Amino acid sequence: MTIESRDDVDQYGVVGHPVAHSRSPFIHGLFARQTGERMTYRLYDVQPDDFVTTVTGFFSGGGRGLNVTIPHKPAAAAFAHTLTPRAEVARAVNTLAVEPDGSILGDNTDGAGLVRDLRSNLGIAIEGRRVLILGAGGATRGIVAPLLELGPATLAIANRTADRARVVAASFADIGAVTGCGFNDIEGRPWDLVLNATAASLGGGRPDVSPAVIGKSTICYDLAYGTELTPFLSWALAEGAAGAHLGWGMLVEQAAESFYLWRGVRPDTRAVIDVLKDWRTSS
Ligand code: ATR
C-alpha cells in the first residue's frame with residue numbers, strides 16, 4: 001500500500017478495541033493508491049477510558065480524520081462538535097473529520113455503505129420488499145434510516161431482548177413505519193431480505209429465529225465478515241434461502257463514503273471488493 005509515514009502527508013486512521021483484525025488500513029491504502037491521494041492510515045487500539053485523550057491528541061497533532069469502530073461509536077458521537085443528520089439519527093459515529101474551521105464533524109457511513117452494497121453491488125431491491133433486521137444494537141441504529149428512505153413494504157426489527165427492539169423502532173417512527181419485536185414474535189412467513197445485525201456471529205453463534213422466516217426467495221445478509229460464512233448464513237442456506245452475503249461489500253462501501261468525506265474523491269469500490277474476494281479465497 002502507498003501509505004507513507006511522512007509528516008507532510010495527511011494522517012488518518014481507525015480507532016477501536018480490539019482493532020488488530022481491521023481491514024480498514026488495507027482498504028484505505030488501496031483507495032489512496034487508486035486515487036493518487038497522499039495519506040497515511042493507521043490502526044489505533046484504544047481502551048474506552050483513553051478514547052477522548054487519544055482522539056484529542058490525534059487531531060491536535062494535525063490528524064485529518066478517523067474511522068471509529070467497536071466499542072467507541074457512541075463516544076465518538078459525543079466527541080464530535082457537530083453531527084451529520086444520519087449520525088444524529090443513528091446516535092453513533094464511524095467517521096470523524098476536521099472541518100475547515102478546525103471543528104470536528106461526526107458522520108455515520110454504515111447505512112449508506114450497506115444500502116450501496118445491497119443495491120449497486122448485489123442488485124437487491126429494498127423498495128416494496130419485506131425487510132427484517134435481527135438485532136437492536138448500534139449496528140441496527142446505523143442502518144434503519146437509510147433502509148426506510150428506500151420505501152420497503154415492511155421494515156421490522158427483531159431482537160433477543162424484545163424491549164430493546166421496540167425502543168429502537170419507536171425512535172425512528174418519525175422517519176417511517178418500522179416495528180420492533182422479540183424473536184418469537186416475528187411474522188412467521190418468508191421475508192424478502194433478512195439482515196443479521198446482531199453480534200452473534202462474533203461469538204460463533206446465530207440469532208435463534210424460526211426457519212419460517214426463510215423461504216426460497218429470501219436473501220440473507222450478515223453485517224459481519226470473515227473468511228467463512230457465518231453460522232447465520234450457513235443456517236439460512238440450509239433452510240433454502242436464495243442467497244447469503246457476508247458484509248465485505250458494506251465494509252468497503254462505508255470506507256469509500258468516509259474516504260469521500262475526507263478527500264472529496266470517490267474511489268472505485270468494485271476493484272477493492274474484488275481484491276478482498278481474491279484474498280479471502282486464497283487465505
Ligand atoms: P453493536 O453495536 O455491534 O450492534 P451492541 O449494541 O452490543 O453491538 O448490540 C449487540 C446486538 O447483538 C444486540 O441486539 C444483542 O441482543 P440483546 O439486545 O438481546 O443483547 C445481539 N446479540 C448478541 N449476541 C447474540 C446472540 N448470541 N443471539 C442473538 N442476538 C445476539
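## Stop 1: rings that pair up

Start by showing the aromatic side chains: this predicted model holds eight aromatic pairs. Now select Tyr-44 and Phe-58, which form an edge-to-face pair with 5.6 Å from centre to centre and 70° between the planes. Why edge-to-face? Because planes over 60 degrees apart are put in that class.

Next, colour the elements these two belong to. Tyr-44 is in strand E2 (residues 39-45) and Phe-58 is in helix H2 (residues 51-60), so the pair ties together parts that are 14 residues apart in sequence.

Move on to Tyr-225 and Trp-248. Their ring centres are 4.9 Å apart and their planes meet at 50°, so this pair is tilted. Where do the two rings come from? Tyr-225 lies in the loop between strand E11 (219-222) and helix H8 (231-238), and Trp-248 lies in helix H9 (residues 248-263), so the pair ties together parts 23 residues apart in sequence. Is Trp-248 buried or exposed? With 5% relative accessibility, Trp-248 counts as buried; Tyr-225, with a relative accessible area of 32%, is partly exposed.

One more selection here: pick Tyr-12, Tyr-41 and Trp-262 together, and you have one aromatic cluster.

## Stop 2: charges over rings

Which ring does the charged end of Arg-130 sit over? Select Trp-191 and see: the charged end of Arg-130 is 4.2 Å from the centre of that ring. Then hop to Arg-266, whose charged end sits over the ring of Tyr-260, 4.2 Å from its centre.

## Stop 3: the sheet

Hide the side chains and go back to the cartoon. Follow the strands in the order E9-E8-E7-E10-E11-E12: these six form an open sheet with parallel pairing. Click on strand E9 (179-182) and strand E12 (243-245) to find the edges, where each strand pairs on one side only.

Finish by zooming in on E11 and E12. These two run parallel and are joined by three bridges. What is the bridge partner of Cys-220 in E12? Select Ala-244 and there you have the partner.

Methods
Residues are numbered from 1 along each chain as its sequence is written. This is a predicted model: local features need pLDDT of at least 70, side-chain atom pairs count only at pLDDT 80 or more; totals for chains, interfaces and linings use all residues. Side-chain values use heavy atoms; hydrogens and water are left out. Rings of Phe, Tyr and Trp (its six-membered ring) pair if their centres lie within 6.5 Å; planes under 30 degrees apart count as stacked, over 60 as edge-to-face and the rest as tilted. Helices (H or I, at least four residues) and strands (E, at least two) are DSSP runs, numbered from the N terminus. Buried means under 20% relative accessible area, exposed over 50%, partly exposed in between (1.4 Å probe, protein chains only). A charge sits over a ring if NZ of Lys or CZ of Arg is within 6 Å of the ring centre and within 35 degrees of the ring normal. Two strands pair if DSSP finds at least two bridges between them.
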